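Please look over the sequence and the structure shown below, and then read the briefing that follows, which takes the model topic by topic.

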Amino acid sequence: MLNDHYYNRRLVIGGIVVGVVLVFIVKLFSLQILDQSTKEKADSNALVRQAVYPSRGLIFDRNGKLLVFNQPIYDVTITMREMGKDFDTIGFCKVLGLTVEEFDERIAVISNRKKNLGFSRLTPQIFLSQLSRADVAALQESLYHFSGVAIQKRTLRDYTYDAAAHILGSVGEVNTRDIECDAYYQSGDYSGRDGLEKMYEKQLRGEKGVNVLMRDARGRLQGSYHDGELDKPAIAGTDMTITIDIQLQLLAEKLLQGKVGSVVALEPSTGEILAMASSPTWNPQRLVGKARSANYMELLNDPTKPLMNRATQATYSPGSTFKLLQSLVCLHQKAITPNTLYECNGPDSSPIKCTHHHGSPVDILSAIEQSCNPYFWCAFRDLLQKDGYGTDNAPFRQRYESWRNDILQFGFGDRFEYSDIAEQSTGSIPSVKLYDKLYGKKGWKAITIRSLSIGQGEILVTPLQLANEAATIANEGYFIAPHLNKNDSMLTHRYETTIEQRYFALVKEGMSRVMTEGTGRWHAIDSLHMCGKTGTVENAHGRDHAIFIGFAPKENPQIAVAVVIENAGFGATWAAPVASLMMEQYLLGEVKRVQKMEDYSQQVLNEDVQER
């Protein structure tokens, strides 16, 4: 029995020993094989990984002209473990032109793990960034005096033209959220902050490389590890060709100087944006380098709001340009025919006045040519009242909903889906729900919303949407989502309206008459068959907005243009000449009517002097 007792105890002790050994084996296996963090910590004591930054992709216009390229800059990095207690802080500051206080402040920021998520005393941290070759020249010569300090090469954006700032966007330093959302970034990295730079960040940024360096037992760098077998070269970002014609863009921005407004030009058959200008604007070079933060705040606080892309974010009543859609929808819903006539008594008309006497009665072609307000009110009224009002207003409200749905087919009331324009406003085509809320289900009639008939009231659109309206009419019933990247085909994103093609031909003829007999006749180009529509939009906050939309040539249109000049006055006076000159530049390759352009610029200057 005694021997059995000792025998059993021996088995228990042996089992415990075996168990402990197994636990150690499992733990070692986990640490050395499964858990790479331990290996990484060990490696970080012996190896240093230095990031190699790629050059961002270049950006070209549709004709191959270079718009955005890169210039070299330099960062000064420090590895705190290597600096040592005898680091010559005063000498280091003298070389870089810093005070010791500035040095200490910068070290405190770098060491703050809340602000610098990637901080480690073992890895290089950016001490100063965006220095020129001249800035680092003195440090380069004395670098051997400062252990733990290195110079790292990167690139910054540069621009061939002082233009297209809203389109191209800018590159700036990443924030904490960027780092948390994408493991690619570390503190001090840069990314696209707006425009195309932001939209195509992953394409343009490329892939970082890495150089692996080895330390000795004292932590000093000894050169490449195993002759660079673990090094990985950086891969440059992919170049990008965009749809913009830079010469057309430069003209648009020139014509907008001294005015607040925007110009959008599209290629109707493809939806490619040929030009998209917003005024006021800025030189894109201002948001590059160390001055970026100060310049950005200056632009942000500017009361004229230059950072706002008015072409895609500002909303306006479309005014008389909306009469083109009224024509199409009223014809489509059989409220009128091409031969329908309505009376017009000019300024004596009621409940909506006409701006001038132009003969009566009026058919649809004359109504478009002369921009007859009473005609479009009568057509809109007859559409909405076609089935009567009923006992509960339901037939009328249903007709309105049907009218609204047809309007929405032209790209109004929402962002353009699949478009690569990040900053877009939706605009608004008011809903039945809105009017029910304002007036009650039974409280609104055609007369209540009569302003909609001439593009006023609660309707809001962006200049991009107006240009798309012109493109859809030019295409006789379809549009491609407006976009900026020429490398990606958007032709699969084609949107068809349900309007019969024959009605588009009729409206196009009316727009042609605007340019030969109507308000646009002073800005027609003899060699081009232009179609257009002017608009003068009431503005509760000042002078009327001037608007124009159009396209050319009438057959096989190559360009559609929308122009909005805020607080300017008549569309025929201020917006139409801009669109006409844009069409001339694009279709003929140059502005041949130099005197007309000079006269317009002088007109802008004279207007500015009067306002002052």
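Asparagine 393 is buried, with a relative accessible area of 2%, where buried means under 20% relative accessible area, exposed means over 50%, and partly exposed lies in between (1.4 Å probe, protein chains only). This is a predicted model, in which local features need pLDDT of at least 70 and side-chain atom pairs count only at pLDDT 80 or more, while totals for chains, interfaces and linings use all residues. Residues are numbered from 1 along each chain as its sequence is written, and side-chain values use heavy atoms, with hydrogens and water left out.

**Backbone features**

- Asparagine 393 has a positive phi of about 70° although it is not a glycine, and asparagine 393 lies in the loop between helix 15 (373-384) and helix 16 (394-408); helices (H or I, at least four residues) and strands (E, at least two) are DSSP runs, numbered from the N terminus.
- Asparagine 567 also has a positive phi, near 50°, and is placed in the loop between strand 17 (559-565) and helix 20 (571-574), where its relative accessibility of 28% makes it partly exposed.
- Serine 279 and proline 280 are joined by a cis peptide bond with omega of about 5°, and proline 280 belongs to the loop between strand 12 (272-279) and helix 12 (292-301).
- A cis peptide bond also runs from serine 360 to proline 361, with omega near 0°, and proline 361 sits in the loop between helix 13 (323-332) and helix 14 (364-370).

**Nonpolar cores**

- The largest nonpolar core has 127 residues, and those with the most contacts inside it are Ile242, Leu328, Tyr375, Tyr400, Trp403, Ile449 and Met582; a nonpolar core is a set of buried Ala, Val, Leu, Ile, Met, Phe, Trp, Tyr and Cys residues joined through side-chain atoms within 4.5 Å.
- Helix 15 gives the most to this core, with 8 residues.
- Because domain 1 (45-65 + 160-242) and domain 3 (246-295 + 303-602) both give residues to this core, it lies between them; the domain bounds come from an automatic or database domain assignment.
- A second, separate core of 19 residues includes Phe92, Phe103, Phe127 and Val136.
- In soluble globular proteins, nonpolar side chains tend to be buried together.
- Leaving out residues up to four places away in sequence, methionine 582 touches Leu248, Leu251, Ala252, Val263, Ala265, Ala275 and Ile559, where contact means heavy atoms within 4.5 Å.

- Proline 54 lies in the loop between strand 1 (47-52) and strand 2 (59-60), and with a relative accessibility of 12% it counts as buried.
- The C-alpha atoms of proline 54 and glutamate 207 are separated by 6.2 Å, although these residues are 153 residues apart along the chain.
- Beyond its neighbours within four places in sequence, proline 54 is in contact with several residues, among them Thr155, Tyr184, Arg205 and Glu207.
- The largest cavity holds about 210 Å³ of space, and of the 16 residues that line it, the closest to its centre are Tyr53, Pro54, Arg56, Thr155 and Tyr190.
- On a 1 Å grid over the protein atoms alone, a cavity is a set of points where a 1.4 Å probe fits but cannot get out, a pocket is an open set with protein on both sides within 12 Å along at least five of seven lines, and lining residues have an atom within 4 Å of a point.
- Grid points are joined across faces, edges and corners, and a volume is the space filled by probe spheres set on the points.
- Strand 5 (149-159) gives the most to the lining of the largest cavity, with 4 residues, and this lining draws at least three residues from each of domain 1 and domain 2 (72-158).

- The lining of the second largest cavity draws at least three residues from each of domain 1 and domain 3.
- The second largest pocket has about 780 Å³ of space and is lined by 31 residues, of which Ser320, Thr355, Asn373, Gln456 and Thr536 lie nearest its centre.
- Strand 15 (531-537) and helix 20 are the elements that give two or more residues to the lining of this pocket.
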